[in-house]
Amino acid sequence: MLKIFIVALVGGVIGGGAIVGGYTIYQQNESSSVMTDNSKGQTGVSNIKVNVSTQSTKAFNKIQNAVVSVEAYSTKSSGDSLDDIFGSDSGSSGATSESEGSGVIYKRDGNTAFVATNNHVISGSDKVEVLLNSGKKETATVVGHDSVTDLAVLKINAKNVKQVASFGNSDNIQVGQTALAIGSPLGSTYATSLTQGIISAKKRTIDTTDSSGVNTGQTTVIQTDAAINPGNSGGPLINLAGQVIGINSMKLANTGSSSASTSSTSVEGMGFAIPSNEVVKVINLLVKDGKIKRPALGISLVDLSYVSTSDQKSVLKLPTSVTNGVVVLKVANNSPLKAAGITKYDVITSLDGKEVKGLSSLREVLYDHKIGDTVEIKYYHEGSQKTANVKLTLEANDSNTTTSSNSGN
């Protein structure tokens, strides 16, 4: 070991000396020219042209002028804000709040152009404007919207529309294929931003929630790792042919707090888009009728799992064998269940012969039916199981499809 160490050390010294000596000679020979001629430090720009066009760029160019920013405004009524209640001078009646999202122009018919976007972008707004990629702004009219599928259709003057997008077949996409997301992340300041990823899952069934975090059912979506941020909502997810294969709708931001600690898990690259085949079906119905006609039960309810075991026994008087269902909290006057005798604190366990495990499964079965259909409902009343045949006479709307403990279904 000692010999090896010495050899290595000597080799280092000799090598170092050679370098130092070489440096001294070079400096002596070159020092005068460096001091007298600075022209050798000049440079220039190459005339060589490199074609860096890729398939992603070509796809983007096919649709970029069809992608728009959607700006929705709602006027505050006097007395409905915290500023009004507590007398703050910072607020004023008639003030507007703004929601920004994205959209895609998918059809032009004469002087009218149609835009697809998300319902949550324009829901509750009094005024909607569309900002084109050219920078021109157009006033939009809401043709129709649907809270269940979270889709909406707008129409604008087509005078300044330069490009229209086409829809691809979302059934033909494959996991691993390149996907491009276009929209206005964080608002119109970053309009027509392009991000690239892949199709992470072709058909992913996920739970959906309303603005209060209450489960409103389930939906089947395309999962992608292309960056999707607030403001991308309503913008297109496209393939490398420049075709729309989905409408970007949501992303998984974090997994929430764990039971063991208050820390949350950061999540990246999990965005979701409504498949184009579903989009086309819904927007065509919205253009035709302005809404999607679905039946409603006209009740407020909550998942049985949210009720404590003690309350299930003492208040609901349920047998211990009943572990799934939904609890009726209120029955509207126009509810078709009223005539059937279903009342507050009854527990619905089956609809049309299918088990009701919770809110989402009830809605899935309900929306398979049309207004006017008759369905069988099994429920528990004061601990006893009962059966009723109910005719679905009530039509769903925004006020009775937001499934939470204080709204209808």
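**Figure 1. Glutamine 64 and its surroundings.** In this predicted model, the side chain of glutamine 64 makes a polar contact with the side chain of asparagine 61, at 3.3 Å. A polar contact here is a pair of N or O atoms within 3.5 Å; within protein, one must be able to donate a hydrogen and the other to accept it, and residues adjacent in sequence count only if both atoms are side-chain atoms. You will find glutamine 64 in the loop between α2 (55-63) and β1 (67-75). Helices (H or I, at least four residues) and strands (E, at least two) are DSSP runs, numbered from the N terminus. Leaving aside residues up to four places away in sequence, glutamine 64 touches Asn133, Gln163 and Thr192, where contact means heavy atoms within 4.5 Å. Leucine 194 is 130 residues from glutamine 64 along the chain, and their C-alpha atoms are separated by 9.1 Å.

Residues are numbered from 1 along each chain as its sequence is written, and side-chain values use heavy atoms, with hydrogens and water left out. Since the model is predicted, local features need pLDDT of at least 70 and side-chain atom pairs count only at pLDDT 80 or more, while totals for chains, interfaces and linings use all residues.

**Figure 2. The largest cavity.** Asn65, Ile105, Leu132, Asn133, Ser134, Asn160, Val161 and Lys162 form the lining of this space. Its volume is about 50 Å³, and the count comes to 1 cavity of 30 Å³ or more. On a 1 Å grid over the protein atoms alone, a cavity is a set of points where a 1.4 Å probe fits but cannot get out, and lining residues have an atom within 4 Å of a point. Grid points are joined across faces, edges and corners, and a volume is the space filled by probe spheres set on the points. Asn133 belongs to this lining and is also one of the residues that glutamine 64 touches.

Figure 3. The term means a side-chain nitrogen of Lys or Arg within 4 Å of a carboxyl oxygen of Asp or Glu. Glutamate 129 is buried at 12% relative accessible area, whereas lysine 137 is partly exposed at 43%. Buried means under 20% relative accessible area, exposed over 50%, and partly exposed in between (1.4 Å probe, protein chains only). Both residues belong to a network of salt bridges that links Glu71, Lys127, Glu129 and Lys137. Across the whole structure, a search finds 8 salt bridges.

Figure 4. The side chains of lysine 317 and glutamate 382 meet in a salt bridge at 4.0 Å, N to O. This pair links distant parts of the chain, 65 residues apart: lysine 317 sits in the loop between α6 (309-314) and β17 (326-331), and glutamate 382 in the loop between β20 (374-381) and β21 (384-391). Lysine 317 counts as partly exposed at 41% relative accessibility, while glutamate 382 counts as exposed at 53%. The side chains of aspartate 352 and lysine 354 also meet in a salt bridge, at 3.8 Å, N to O. Aspartate 352 is partly exposed at 29%, and lysine 354 is partly exposed at 42%.

Figure 5. Asparagine 118 lies in the loop between β3 (112-117) and α4 (119-122). With a relative accessible area of 0%, asparagine 118 is buried. A polar atom of its side chain lies 2.9 Å from the backbone oxygen of aspartate 150. Not counting residues up to four places away in sequence, asparagine 118 touches a set of residues including Asp150, Leu151, Ser233 and Ile274. Asparagine 397, by contrast, is partly exposed at 39%. Its place is in the loop between β22 (394-395) and α8 (398-401). Asparagine 397 and alanine 296 are 101 residues apart in sequence and 8.2 Å apart in space, C-alpha to C-alpha.

**Figure 6. Helix α7 within the whole protein.** Helix α7 (residues 359-366) is mostly covered, with 7 of its 8 residues buried. These buried residues are Leu359, Ser360, Ser361, Leu362, Arg363, Val365 and Leu366. Stepping back, the protein has 8 helices and 22 strands. Buried residues make up 40% of its 409 residues.

Methods: 1 Å grid on protein atoms, 1.4 Å probe; cavity = no way out; pocket = protein on both sides within 12 Å on 5 of 7 lines; lining within 4 Å.
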